[in-house]
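Welcome! Here is a short tour of a protein model for anyone meeting it for the first time. Take a look at the sequence and structure, and then we will walk through them together.

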Amino acid sequence: SIDVDNREIKHICSGLKLSQILKNVGFAPSTTQAMKLIQAGAVYINNVKVVENMEVEENDFILKAGKLK
């Protein structure tokens with residue numbers, strides 16, 4: 001099964017790398033683990049899969065991260 005956590009991010013994140021945001025909101029314990037989620041194709045911003053550690057330019061978005069159980 002897939003365990004997906006879904007959070008609406010409403011604080012200022014603009015200019016941060018996605019791995020740092022994943023760590024900051026508690027989806028990953030470290031940026032290294034966040035990178036593994038991204039590389040596994042388990043991270044979505046506004047329901048669009050993200051496959052690289054991009055700099056996030058939006059301030060208001062829905063972030064989803066999931067992993068296989």
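Let's begin with Val25, which counts as buried because its relative accessibility is 15%; buried means under 20% relative accessible area, exposed over 50%, and partly exposed in between, using a 1.4 Å probe and protein chains only. Val25 sits in the loop between α1 and α2. Helices (H or I, at least four residues) and strands (E, at least two) are DSSP runs, numbered from the N terminus. From C-alpha to C-alpha, Val25 is 9.7 Å from Leu63, although 38 residues separate the two in sequence.

Before going further, please note that this is a predicted model, in which local features need pLDDT of at least 70, side-chain atom pairs count only at pLDDT 80 or more, and totals for chains, interfaces and linings use all residues. Residues are numbered from 1 along each chain as its sequence is written, and side-chain values use heavy atoms, with hydrogens and water left out.

## The overall layout

The protein chain has two helices and four strands, arranged along the sequence as β-α-α-β-β-β. Of its 69 residues, 32% count as buried. Among contacts (heavy atoms within 4.5 Å) between residues at least 6 apart in sequence, 57% join residues at least 24 apart.

How confident is the predictor? The pLDDT, its confidence in each residue from 0 to 100, averages 82 over the protein chain, and 75% of the residues score at least 70. Among the elements, α2 has the highest mean, 95, while strand β1 (residues 2-9) has the lowest, 57. Where pLDDT is low, the predicted coordinates should not be read in detail.

## The nonpolar core

A nonpolar core is a set of buried Ala, Val, Leu, Ile, Met, Phe, Trp, Tyr and Cys residues joined through side-chain atoms within 4.5 Å. The largest one here has 17 residues, and Leu18, Leu22, Val43, Ile45 and Leu63 have the most contacts inside it. Two or more residues come from each of α1 (18-24), α2 (31-39), β2 (43-45) and β4 (61-68).

Which residues does Val43 contact, leaving aside its neighbours within four places in sequence? Among them are Leu18, Leu22, Leu37, Ile38, Val48, Val50 and Leu63.

In α2, the buried residues are Ala34, Leu37 and Ile38. Seen down the helix axis, these buried residues fall within an arc of 100° (taken from the directions from the axis to the C-beta atoms), so they line one face of α2. After α2 comes Gly41, with a positive phi near 75°.

Helix α1 holds Ser19, which is buried because its relative accessibility is 6%. Not counting residues up to four places away in sequence, Ser19 touches Thr31, Ala34, Met35, Ile38 and Asn53.

Asn59 is found in the loop between β3 (48-50) and β4. Its relative accessibility is 38%, so Asn59 counts as partly exposed.

Methods
pLDDT = per-residue confidence, 0-100.
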